Amino acid sequence: MKRLLVRLAWLLNGFVVVLVAPLVNASSEYNMTQGVTEISGKVYELHMLIFYICCAIAFVVFGVMFYSILRHRKSKGAVAAHFHESTKVEILWTIIPIIILIAMAIPATKTLIAMEDTSQSDLTVKITGSQWKWHYSYFGEDVEFFSLLATSDKEIDGIEVKGAHYLLEVDNPLVLPIDRKVRFLMTSDDVIHSWWVPAFAVKKDTIPGFINEAWTKIDEPGVYRGQCAELCGRAHGFMPIVVHAMEEEDFDAWLATQKELAIATQQAAQDALDASLSLEELNSLGEEVYKNRCAVCHQVNGGGIPGAFPAIKGSPVALGDVDVHIDTIVYGRGGTAMQAFDNQLTEKEIAAVVTYQRNAWGNDTGDVVQASDINAYKSKQSGGTESSTGEVQDNAKEQL
């Protein structure tokens, strides 16, 4: 009977290890994903190697422990032995862990070195994180855009049924080619973010004033999703990453289209300088821009969040000097969460949102700001004196 119990214990221990390991290996829902890149495959293999080593250690340690408990239990009349130092045992339990660590360290070091090798890349993309969106810029291609959450407010508020990719969909995904080495340069405009796409085994912090590097070479076309993996503020959960991997020919065609679109956008922005929109037209466009870019902090009703983000309704900025208002949106405010929108919005959009903020929620100033006014103000600041720029900044800080 006693021998049977010992054998059952050994069999149970071995059965758990033998059964659980393949299950963990097969279940992508609970295990690390194998990904779609060579590096992600190496990371997965390294993960499983360490897992199996841990299983083997557990098998030996717990096997000996359960055997000792059953074989040398008090009810059997076993008496504890009294002995002291054993040089052989101490040498043995020093050498064995060293061998295990070396077996783990060699493949881990090779994988880590490969993950950091960004040389000989075919394409470089600059990734800039900001609260709460991503900015992608293709080096040498004159193509750049922002990527924002596309999940509707109604889904977030529970008014509509949540979609299959709830909080994991964006308006402009990052588009990359397969079979080309893509180098990422990562930084941030405000706080620390983290660009994480599990399928690529890429996870790097984006730090203000610092450039981090990473790379990927995608093997299969498709859509891959990730998230910001660093707690970066109240809308941290609304900062998804979507990457659309294309065949090389399709990517080249997409890139050419984006270049043409960029030229057309520049021409449209130039044409907007000569246009004069009505208050109604500016308010309509301004409301759309405000809901997409400003409402996350200042709220849809313009009331802000006390102690965190100032209200625009009844604000001294929205009711005061229009130049201060324009400066606040164009250049942002250092030391606050107010970021610069100069490179995020067109002059037409900035004019529209300034007009909307000065006439919504009972502000009713009647002010109308055109794209030409924004352009003139920016030209004045870029060509003006430091003292005049500093004066506007100081005035804005007082009103904020």
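Leaving aside neighbours within four places in sequence, H193 is in contact (heavy atoms within 4.5 Å) with G129, S130, Q131, W134, S188, K204, D205, T206, C228, E230, C232 and M239. Keep in mind that this is a predicted model, where local features need pLDDT of at least 70, side-chain atom pairs count only at pLDDT 80 or more, and totals for chains, interfaces and linings use all residues. Residues are numbered from 1 along each chain as its sequence is written, and side-chain values use heavy atoms, leaving out hydrogens and water.

**H193**
- H193 sits in strand β6, residues 193–197 (strands are DSSP runs of E, at least two residues, numbered from the N terminus).
- With a relative accessible area of 0%, H193 is buried (buried means under 20%, exposed over 50%, partly exposed in between, using a 1.4 Å probe and protein chains only).
- The H193 side chain makes a polar contact with the side chain of D190 at 2.9 Å (an N or O pair within 3.5 Å, where one atom must be able to donate a hydrogen and the other to accept it; residues adjacent in sequence count only if both atoms are side-chain atoms).

**Strands β5 and β8**
- Strand β5 (residues 182–188) pairs with β8 in the antiparallel sense, over five bridges (pairing takes at least two DSSP bridges).
- M186 has N212, in β8, as its bridge partner.
- Four of the five residues in β8 (residues 212–216) are buried.

**Cysteines**
- You'll find zero disulfides here (cysteine sulfur pairs within 2.5 Å).
- For C54, the nearest cysteine sulfur is that of C55, 7.1 Å away.
- C54 is partly exposed, at 43% relative accessibility.
- C297 is buried at 13%, and its sulfur is 8.6 Å from the closest cysteine sulfur, in C294, so it's too far for a bond.
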